[in-house]
Amino acid sequence: FTVTFPVLAGRSYRVWYVDELGGTWKDAGAFTDNEDSPAYTWTDDGTFTDPNPDQVQNRFYYIEITRP
C-alpha cells in the first residue's frame, strides 16, 4: 500500500495504521522532513508493519503531524 501526502519543512510526521476500523491503531514509524514537498510518498512494504500488507485485504492509515 502507498500513502501520498504533503509535507512542510521542520515538521515531524508519524504514520499510523490499522487493518480493521475500530481496531487499535499501530505506529509504523516517524520522520522529520527538512524541506517542503507537495507530495511525499510512504510505502508500506512490511518493514514497519505487521502483518505484512500482502497478507491483509484492507489497511487504513492516518498521518500525525507535530509542529516544532
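**Overview: this predicted model holds 3 salt bridges.** A salt bridge here is a side-chain nitrogen of Lys or Arg within 4 Å of a carboxyl oxygen of Asp or Glu. Since we're looking at a predicted model, local features need pLDDT of at least 70 and side-chain atom pairs count only at pLDDT 80 or more, while totals for chains, interfaces and linings use all residues. Residues are numbered from 1 along each chain as its sequence is written, and side-chain values use heavy atoms, with hydrogens and water left out.

**Close-up 1: Asp27 and Arg14 pair up in a salt bridge.** The N to O distance is 2.5 Å. Asp27 sits in strand E3 (residues 26-32) and Arg14 in strand E2 (residues 12-18), so to speak distant parts of the chain, 13 residues apart; strands (E, at least two residues) are DSSP runs, numbered from the N terminus. Both ends are partly exposed, Asp27 at 36% relative accessible area and Arg14 at 28% (buried means under 20%, exposed over 50%, partly exposed in between, with a 1.4 Å probe and protein chains only).

**Close-up 2: Arg59 reaches Asp19 in a salt bridge.** Here N to O comes out at 2.6 Å. Arg59 is in the loop between strand E4 (37-43) and strand E5 (60-66), Asp19 in the loop between E2 and E3, and 40 residues separate the two. Arg59 is buried, at 7% relative accessible area.

**Close-up 3: Asp44 also bridges to Arg59.** This salt bridge has an N to O distance of 2.8 Å. Both residues lie in the loop between E4 and E5, so the pair ties together parts 15 residues apart in sequence. Asp44 is buried too, with a relative accessible area of 4%. Through shared partners, Asp19, Asp44 and Arg59 form one network of salt bridges.

Note on methods: Helices (H or I, at least four residues) and strands (E, at least two) are DSSP runs, numbered from the N terminus.
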